[in-house]
Amino acid sequence: MSVKKSWRAVIGWPLIVCASALLFTGCSQPESDAEVITVYTARNEQLIKPLFDRFQAETGIEIRYITDNAGPLLARLKAEGKNTPADLFLTVDAGFLWQASEEGVLAPLDSPILKANIPASLRSSKDDWFGLSLRARTIIYATDRVQPGELSTYEALAEPEWNGRICLRTAKKVYNQSLVATMIKSLGEPETERIVGGWVKNLATPPYSNDIQSMEAVAAGQCDVTIVNTYYFGRLQKDNPDINLAVFWPNQSDRGVHINVSGAGLTKYAKNPAAARQLLEWLSEPEAQYLFAEANEEYPVNPAVEPSAEVKAWGDFKADNINVEAAGRLQAEAIKLMDRVGYQ
Ligand code: FE
């Protein structure tokens, strides 16, 4: 495909950032393919733009991007096939990354830099996607009603003592599907079904549509505990430093806390794979890792990089080192299991 055609395809899209020209570094025609890469990103603009700007300033490579939810972006990548202008697919949750890999829209990258910077459990075993930031899906409890000593594991929240004390986010969101999928991998399906069924029995309220609402219900006394991604707690804490909520790290004497990633992969039909690879590798290096994680109160995937002070203040924890791919591979089983136990 010619440069010209690719560029025409780009400006034809309704969601293209060029529609609001200020967000681009200009909408003029690129001088050559070598200087431009296109990213389809499910991460929102305020998180990625500062990084992209920095990369551009350091390398001279211009980054164009389209932001949307992972599902529509993936559908678009598939529909466009060879004609896609996308060089990189960037999204949250290993479930989506695994799906992109399964659907054949990603290309493997044999990169010693990515392999050195990113632990094997946080990237594809086929080398076609790489985790770039890490989030823990952990227990948040009401500090005025729960003693941390009452808490232990995700599984224990299924016990009768938590009856009417739990709030959860909806089962429709990929985050809980990934959590349940990794539980199936670690505990087996019958045991996971018993546990998730126990959670549902213990619910104080119907599931919430997002993690923030679920934590606000805990803070307001509607329930005593919930399970959320750490960065949402970070957001709530930032707005309300004295909030009556705290982080608990479950399963510290066995498999560890459920973690997931945001990450990216080179697309199969990338027009500028060399520059896209350069961006991906750059994102895995310490400086970008800190900024990428810090922007959303996440953890860097690169073990050489410390998280921000706010994130560090939640304390160290042992993470489940199961390969996050399991979240994708067992997602369909997880959805069926959640449905069987009436988790909506
Ligand atoms: Fe999120």
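Helices (H or I, at least four residues) and strands (E, at least two) are taken here as DSSP runs, numbered from the N terminus. The model is a predicted one, in which local features need pLDDT of at least 70 and side-chain atom pairs count only at pLDDT 80 or more, while totals for chains, interfaces and linings use all residues. Residues are numbered from 1 along each chain as its sequence is written, and side-chain values use heavy atoms, with hydrogens and water left out.

With these runs, the protein has 14 helices and nine strands. Its radius of gyration, taken over C-alpha atoms, is 21 Å, close to the 20 Å of the globule rule (2.2 Å times the number of residues to the power 0.38) for 344 residues, so the protein is as compact as a globular protein of that length. The C-alpha trace spans about 65 × 40 × 35 Å along its principal axes. Of the 344 residues, 57% are buried, where buried means under 20% relative accessible area, exposed over 50%, and partly exposed in between (1.4 Å probe, protein chains only). Among contacts (heavy atoms within 4.5 Å) with a separation of 6 or more, 77% come from residues 24 or more positions apart.

Now to the metal site. Three tyrosines coordinate the iron ion through their OH atoms, namely Tyr175, Tyr231 and Tyr232, at 2.0 to 2.1 Å. Donors are N, O and S atoms within 2.8 Å of the metal (3.2 Å for Na, K and Ca); water is not among the atoms, so sites may look incomplete. Along the chain, the donors follow the spacing Y-x55-Y-Y. Tyrosine 175 lies in helix α6 (residues 174-187) and tyrosine 232 in helix α9 (residues 230-239), so this pair ties together parts that are 57 residues apart in sequence. Tyrosine 175 is buried, its relative accessible area being 5%, and tyrosine 232 is buried as well, at 12%.

Glutamate 297 sits in the loop between α11 (286-295) and β9 (299-300) and is buried, with a relative accessible area of 6%.

Most residues other than glycine have a negative phi. Glutamate 297, however, has a positive phi, near 50°. Aspartate 127 likewise has a positive phi, near 60°. Aspartate 127 is found in the loop between α5 (112-117) and β4 (130-142) and is buried, with a relative accessible area of 18%.
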